[in-house]
Amino acid sequence: MKPILDVTCGGRMMWFNKQNPACLYLDNRELPETNLCGGRKFSVHPDMIADFTDLPFADNTFYLVVFDPPHLINVSDRAYMKIKFGRLGSEWPQVIHDGFAECMRVLKPYGTLIFKWSEVQISTRKVIEAIGQEPLFGHISGRKMNTHWTTFMKIPEQEEKAE
């Protein structure tokens, strides 16, 4: 098994090496090359198709998990942002919570989870409340400073206290 899992790889936009041999790229869809506005092309070709809320891996499998879930609720089916990033429904707090729990489940003890969130429609604070765990640290980026990169670690002692 590869040491890194990207559970929502989409078009692998954040990756410098979009074919990194250490990473297993997962998404819940496959999308052939599509022409988007302005002549931009976009495609989704994961190594494996699966839902981030129900990962098909054993506990304690990966050293690093990358989780960049859909972050929009109000977006039309044909919008550029929906095609690239997907859409959440009204049950988004439970979906994000369950996805985060699955990411932590498949992490090895002391493994790292990188979580990316764009708070265009939902605040990062609400997302952290839904997750139910504070990040260790993070960074805000983007032109409008609305993308939050946060880092979590699977610390066995904390898991025992949560149970």
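A residue is called buried when its relative accessible area is under 20%, exposed when over 50% and partly exposed in between, using a 1.4 Å probe and protein chains only. By that criterion, 42% of the 163 residues of the protein chain count as buried. This is a predicted model, in which local features need pLDDT of at least 70 and side-chain atom pairs count only at pLDDT 80 or more, while totals for chains, interfaces and linings use all residues. Residues are numbered from 1 along each chain as its sequence is written, and side-chain values use heavy atoms, with hydrogens and water left out.

Colour the chain by secondary structure next: there are 4 helices and 9 strands, taken as DSSP runs (H or I of at least four residues for helices, E of at least two for strands) and numbered from the N terminus. Their order along the sequence is β-β-β-β-β-β-α-α-β-α-β-β-α.

Now select Leu5, Val7, Val65 and Leu113, which have the most contacts inside the largest nonpolar core, a set of 27 residues. Such a core joins buried Ala, Val, Leu, Ile, Met, Phe, Trp, Tyr and Cys residues through side-chain atoms within 4.5 Å. Two or more residues each come from β2 (23–27), β6 (62–67), α2 (92–106), β7 (107–118) and α3 (124–131), and α2 gives the most, with 6 residues. Apart from this core lies another, of 6 residues, including Cys9, Trp15, Cys23 and Tyr25.

Finally, centre on Val7, whose contacts (heavy atoms within 4.5 Å) include Leu26, Phe52, Val65 and Cys103, leaving aside residues up to four places away in sequence.
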